Every structure is written in structure tokens, then in C-alpha cells.
Amino acid sequence: MKKDITRYRNIGIFAHVDAGKTTTTERILKLTGKIHKIGEVHEGAATTDFMEQEQERGITIQSAATSCFWKDHQLNIIDTPGHVDFTIEVYRSLKVLDGGIGVFCGSGGVEPQSETNWRYANDSKVSRIIYVNKLDRTGADFFRVVKQVDEVLAAKPLVMVLPIGTEIDFRGVVDLLTRKAWIWDDSGDPMNYEIQDVPEDMVDQVETYREQLIETAIEQDDAMMEKYLEGEELSVEEIKQCIRKGTRDLAFFPTYCGSSFKNKGVQLVLDAVVDYLPDPTEVKPQPEIDLEGNETGSYAFVDPEKPLRALAFKIMDDRFGALTFTRIYSGTIAKGDTILDTATGKTERVSRLVEMHANSREEIESAQAGDIVALIGMKNVQTGHTLCDPKNPATLEPMVFPEPVISIAVKPKKKGSDEKMGMALSKMVQEDPSFYVETDEESGETIMKGMGELHLDIKVDILKRTHGVEVEVGKPQVAYRESITKRIEDSYTHKKQSGGSGQYGKIDYVIEPGETGSGFLFESKVTGGNVPREFWPAVQKGFENSVDKGPLAGFPVVDLKVTLTDGGYHPVDSSAIAFEIAARAAYRQSLPKAGPQLLEPIMNVDVFTPDDYMGDVIGDLNRRRGMIKAQESGPTGVRIKADAPLSEMFGYIGDLRTMTSGRGQFSMSFSHYAPCPSNVAEEVIKETKERQAAMA
């Protein structure tokens, strides 16, 4: 049975921690008839938060995909987390969405994390509507949040409704297009509302805002604009067409308000999703790339008749086995199909297909372009892999994940649990591409690496609860790097004679600092065949395999350029291995002479504090070697933006809460690597060497 793709809406809901995102999702599921009893986040019973850790902390960690129906349209909703350590989840969800709802708190306004998420959505060019939630709270002010969206996010909010009453008196909203007031009673039932005329004291305000709305919308259509300027009355349908076009082109963002907790205002947001957010066919198709990562010029058009193109955007392990959440861009997938994973080059068989509703599921026979479904039975698929038709392969642009900046050593408390822990960790790595696990060769320790303290905290928690492995956790370690500051010209000869053929390789080379972010670069300027061309890759390999360990404390070396300038070879004794050994020895010989320095990860820190504590917070950031970049005063406090070294930020949340009587908040994300001050570098090198000695 062919479905009408234009009636699909693949949407995500994203916001700052505590803006009420999950509660809003709950209300949407209730209104669309998916759940009968509404779960409350603060009671730990929300449907989409089904991990124990989520129910306990009241935050969403994993994005859950859910399907529901509203006015003959199928909405596939992806609930994303708001906490900064899980922005990876937001990022990967945005990759597969066609539209979104940005939820802002009526009193908190545009908070640090909502800014990051908004920026991600801009990068992914996702159309959004804005929903200002919690208007029933003390200090809530719809118009202030609208102004912040304009000033802080540099986005154009298109006000679609006006609140009736505010804080404790918030009763409903006026729909500007229809000039009708939606008023809910206090029963908490979203269906208990009346549609009335606009309250008399709001008539002028409604007309002013309605005129602004129409004038902004008709800029999208010259014919409508002419009609309007000639004094003709435009129909609601005509205005809606203009709003739909502007929303799709990111010219503006239709803005609504309400209180999800009190069940007021959510219906209009659902109507807006159907009316203004794009369907899968209206979104720019995904570019296809070749194995080297270059665009081929082909696109995955949303069409069930075309060859299969799908992206696995999330792996989740549950009691039925691994679920691979997949967005299908073109073609169809049916139960029993064999599909190709272009990243591994292996084919996989789809044993079952399910449509998800938070933590329950519905078996389906097949799915088509535009659908978001979970596949069961995938063995080697990981997040970001492309699934396609084996007869007609292609790769979609993959997701890029940030490098981890913090690591901790873990070992099981119970003897003999090593294998159980290993299996649990390998499942967790498959689920979360920003989480890495490795074994330290020298000490045999298991090292977990991630995006921040909370990220690793929760991983330890998942090990304990989901997998039943209790672990002892070492002190957090920062991912330092090393680089060089000087250019060095040098030469190295490797020769070894031991009966039979010997080994010989001579290289002349230049080692110099590369540009920031360039990684490792190698080029050969050898002319005249002194080092034959077939040995150049061996020289490159020798240097490239050495950069994992720097001369100061064994941290990886970044931004290094090596140029092979000359050398010598022996017609019998020279081999690729001889030149590789020469390059490794040359690295050890020259790097200590090239002014090596230690680099530390610097984080973007965004702190919110009530005014009274501003001095303490800034003083504390200065003590942590933070550089204050900006301060912005808001109605409820001050936001301070700073760059600070990660090593000084451990345990910051506890200190911030103590300083601000529990009212401060902060978010932190990796910014860049910068040279360590010499006194700090000496300390780090000393500690690292002592640790290595103790392990040896």
C-alpha cells in the first residue's frame, strides 16, 4: 500500500534542560490519542523517558522516536535531550529531521543550551516553529522571550498567538489569524476549552499584532503583497500559504505559547506542525558521496520507486536485541530484505521492522521513503552508516562526531566480571559514537573517554543498572595534546648488517609546526631518485605512526608537518621497512629539539547566575584560569561566557551551586586546544611520568 508522503511530518523537539520538552512531547502523545494516562516527568513516569537514569534525574538522555497522528497526518517525533553532554544526540537527530519545535521556558527565556541547539539546527537548515512554554510560571513573560529570540538567536519570530493572562492568571491564547480566543478551564484536561471572541481589553493589541503578522508573511509572495496593498482582504488560507513558504525557507519562525503542564495551548502547536512545517518531499534531498567522501552530484530523492537509501542514526539496545533507528530517504525496506551497509561493505538481513511508540512497538511488513523506523537483526551497523540497495550502492553524507576531551579508568569491583564489563561497554560504544573505550597497553586498564563529567557519570550509572556491573572509577584525566614550536632540518641514516642482506635507509627532512587543526601533513620534495618514489609511503607511515606519542609526556602530537627533502638508498639493502624504521627513529631524534609544548583542551563555558552572586562567580572563573569573554544581563540574572581549561573545571557544578545557593546553571562544550602555561605543563608532565612509572 502506497502512503501519501506529503502527509508525513518528521519533527524533533529540542530545548534547554528543564524547558519542558519531554512534558510537551507527552501532551502531544495524549492529544493524538497515543497514551491515555499522561506521565509526568517530575514524577518520573514520562513515556519517552523510559531509561531508569532518565526517570531519576528528570532529564532526557536518549532520543526516543515516536509516531502519532493529527488531522490525517503522521507525525514522527524525535525527543532529543537538552543537556550539553548529550548534544551529540541532538545533532544526530537533526540530521534525520525535516522540521522542529524549539521549546523555550517562559521565565528562563533563551538559555545557553537552547542557543547551541538552535545553532545546530541552523547548520542543518531545519525549519522550526517556536513554542514558549511554562507561561503559568512566576516571572513568565511571552513578549520578553520573543525579544530574546530576536536579539540572542538573531532569528525572526513570527508571533501567531497572544497569551490571555499571565503567570497564575494564564487562561489561554488568542489565535491571531482567526481572531478567536481559546480558553481552557482549570480541570487540566486539554479537551476542556471554549473558543470565544477576543477579550475586549485585547482587541487593539490583537489587531496590531495581526497586521504585523500579515505584513511579514506576504513578503513571501509578490501577488499576495499587491493584493494586500490594493486594500483587498486576504483569506486565512492565502496567509497560511505565505507563512508555510517563509517557514520552509527559514525567513521566520511561527511562534506560539502555552503551558504544557497545565495542558493549555498545545493543540495550536500541533496545527502549526501540520500547516507550516515541511513534508519529506519539500526538504533539500541528501547528497550522495563516494568512498573517498567526495560528493558525486547525485541525490537521494524522497521517492519510494527509487533505489534504497537510508541512514542509521541511532542504535539502542533493549530486551529484544539491538534496535537500529533508521530514516529512509528513498526506496523501500521490507521484512526479510537484504541490504548493504556501505561503511562495512557487508550485507545485512532485516529480520523484523517496527514502528516505535516510545518504549512499545508495532511490527510492520515494510516501510518507505520518508519513514522513520527501527530495524531488528542488524549485526555490524553503527550510527551514521548508510544502508542501501546492494545492486545500486551509494553512501549518504556521514555524521561527524567530536573528539572526546575527558577520560577515566574503570575496573570491575567484583573479580571475574571483566568479560561482562567488556560486553556491556562494546554495546554502549555502538549506541553512542561520542563515547570511546580503549585498553591502556602498558597498564592493562580500561579507559572510558567522553564529552564531559556528566557524560561519563551516566555511562558508569548505565554499567551498574542496565548491565549489572559495578566499577571502581579512577580520577578524571584530561586529553592533553603536544605540538612543536620550531622548524628543524635534520637527517637520519638507518643501517644494519647482520649476515645476508642488510637494511639501509637515509632520509633528510624538515619538521615544522603545521597550521592549527591541520593534524599531520606529509609531503616529499625529493628529486633525482635519491629516495625512490616507492619508499615515500613507508617514510610517511613511519612518521604518522609515531605521532601518537609526543616527546614530553607521551600525549598525541597535533599540527605537525614533515617534508622529505632528500636521502639515500642502497640498491640491495634498502626496503620499505628500512625507511619506515628510519622515519620512526628520526621522529624520536628531532622532535625534542623542535620546541615541544603541551596543549590543553579549552572549553566554552556559559554560566547563568542571579545578579547577587555575579562577583563570586567571575572571581571563581578567574581562579580557574578562565578568560571572561562576555556578560549579558537578563531579567532573572546574568549570563557569563568564558573560555576555561577543562582541567580546572572538574566538579564545577557543585561549586557553582554552593556559590549561588543552588540557583546557578552552566553548560560547557569543547572549543579548542591552547598551549599550557609552563608551571601547569611541568606539573602535568611530572604527574604523567610518575603514573607511567607506577604502572611499569
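View 1. Two strands are said to pair if DSSP finds at least two bridges between them. Strand 12 (residues 286-289) is joined to strand 13 by three bridges in the antiparallel sense, and Pro287 stands opposite Tyr299 in strand 13.

Residues are numbered from 1 along each chain as its sequence is written. Because this is a predicted model, local features need pLDDT of at least 70 and side-chain atom pairs count only at pLDDT 80 or more, while totals for chains, interfaces and linings use all residues, and side-chain values use heavy atoms, with hydrogens and water left out.

View 2. The open sheet shown here has four strands in the order 7-8-9-10, with antiparallel pairing. Strand 7 (161-164) and strand 10 (193-197) stand at the edges with a single partner strand each, so one side of each is left without a neighbour in the sheet. Neighbouring strands of this sheet are turned by 25 degrees against each other on average, direction ignored. Strand 9 (residues 180-184) and strand 10 run antiparallel and are joined by five bridges, with Trp184 opposite Tyr193 in strand 10. Helix 9 lies across strand 7, strand 8 (172-175), strand 9 and strand 10, and runs at about 130 degrees to strand 9.

**View 3. The packing of helix 8 against helix 9.** Helix 8 (residues 236-248) and helix 9 (residues 266-276) pack with their axes 9 Å apart and at an angle of about 80 degrees, the axes being lines fitted to C-alpha atoms, for helices over the stretch in contact, and the angles running from 0 to 180 degrees between N-to-C directions. The two helices are therefore roughly perpendicular to each other, a term for angles of 65 to 115 degrees. Lys240, Ile243, Arg244 and Thr247 in helix 8 meet Val274, Asp275 and Tyr276 in helix 9, where contact means heavy atoms within 4.5 Å. Sorted by class, this contact of helix 8 with helix 9 has three nonpolar, one polar and three charged residues; Ala, Val, Leu, Ile, Met, Phe, Trp, Tyr, Cys and Pro count as nonpolar, Asp, Glu, Lys and Arg as charged, and the others, Gly among them, as polar.

**View 4. Strand 35 and its antiparallel partners.** Of the 14 residues of strand 35 (residues 596-609), 11 are buried, so the strand is largely enclosed by the rest of the structure; buried means under 20% relative accessible area (1.4 Å probe, protein chains only). Strand 30 (residues 481-484) pairs with strand 35 in the antiparallel sense over four bridges, and Arg481 stands opposite Leu599 in strand 35. Strand 38 (residues 665-675) runs antiparallel to strand 35 and is joined to it by 10 bridges, among which Asp606 has Ser667 in strand 38 as its bridge partner. Strand 37 (residues 638-645) pairs with strand 35 in the antiparallel sense over eight bridges, and the bridge partner of Thr609 in strand 37 is Val638.

**View 5. The surroundings of Thr563.** Thr563 has its place in strand 34 (residues 560-568) and is buried, with a relative accessible area of 5%. Not counting residues up to four places away in sequence, Thr563 touches Asp508, Tyr509, Val510, Glu512, Glu523 and Lys525.

Conventions
Parallel < 35°, antiparallel > 145°, perpendicular 65-115°, else oblique. Buried < 20%, exposed > 50% of the residue type's maximum accessible area, 1.4 Å probe, protein only.
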